[in-house]
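User: I'd like to learn how to read a few features from coordinates. Can we go through them on an example?

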Amino acid sequence: MNNDAALVDLIDRLLGGGVVIHGDLTLAVADIDLVYVGLRAVLASVETAERDLLGPCPTSTP
Amino acid sequence: MPYVYAVTEAACAETAPHVVRWCDLAAIIGAEPLPSDPDERTLWHHEAVVEAAMKRGPVLPMRYGSVVDDVTGFLATRQEEFTAALRRVRDAVELSVRLPREEVAVAGTGTEYLMRRATATALAEQVYAPLAELSRASTRRTQAFAFLVETTALAAFHERVASLRDRLDVELTCTGPWPPYSFVES
């Protein structure tokens, strides 16, 4: 498995998916939604930087 | 306060290290919460515990950072939901398929941008539909898809990804098998 791709998918799943707890008897350890948004923003900027270095991706332009 | 990694069936959790059982359900737990500011290492640790449970039977992975005061109460109040969800994911795994990131229109006219968008949307559909056909369930965001694939259909799924990659000349990224993070809600 490609490591960078796996990390993006790992973050999307562990922080954006899974069973979410709610109700009085449970407590979430942190505001994971905010952590997720932050990490996604970092990853998106890294991907953008890599793409700019490599030039436009030929498969996604007509 | 216990950290919960996953919910599974009690019968499949006999050999798991830390477990709280309630009727036919079991929660895979850890005594210490994982850090609230996750890094690569702690995320993979959570994943490893869930994957170990997945080898023993169907699992419902928890979102990272789930700490539950009363684990038995947690299982009891959501028993029906968890039992139904475990049935839905039994003998299946999640696979991720991504298309290349869409180009942001920094130059060109609005029309060109819209044309690029239309092309990207058509391409996404050409990838999504044939893979969804092979899956028990599927979800999609613009460039990222998740498929719940029966373990017996895994080889056929990977073959189809490869053939779509060739036929459409598109760089598809496929990762997994994952625990069914995207299929725990009905």
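User: Which residues of α1(B) are buried?

Analyst: First, the ground rules. This is a predicted model, where local features need pLDDT of at least 70, side-chain atom pairs count only at pLDDT 80 or more, and totals for chains, interfaces and linings use all residues. Residues are numbered from 1 along each chain as its sequence is written, chains are lettered from A and ligands numbered from 1 in the order in which they are written, and side-chain values use heavy atoms, without hydrogens and water.

Analyst: Buried means under 20% relative accessible area, exposed over 50%, partly exposed in between (1.4 Å probe, protein chains only). Helices are DSSP runs of H or I, at least four residues; strands are runs of E, at least two; both are numbered from the N terminus. In α1(B), the buried ones are B:Thr42, B:Leu43, B:His46, B:Glu47, B:Val50 and B:Ala53. They lie on the same side of α1(B), because they cover an arc of only 140° around the axis. That arc is taken from the directions from the helix axis to the C-beta atoms. On the other side, B:Arg41 and B:Lys55 are exposed.

User: How do I read a salt bridge, and which residues does A:Asp12 pair with?

Analyst: Side chains of opposite charge can pair when their charged atoms come close. The cut-off: a side-chain nitrogen of Lys or Arg within 4 Å of a carboxyl oxygen of Asp or Glu. A:Asp12 pairs with B:Arg98, closest N and O atoms 2.6 Å apart. A:Asp12 also pairs with B:Arg141, at 2.8 Å. A:Asp12 lies in helix α1 of chain A and B:Arg141 in the loop between β7 (137-140) and β8 (144-150) of chain B, so this pair joins two chains.
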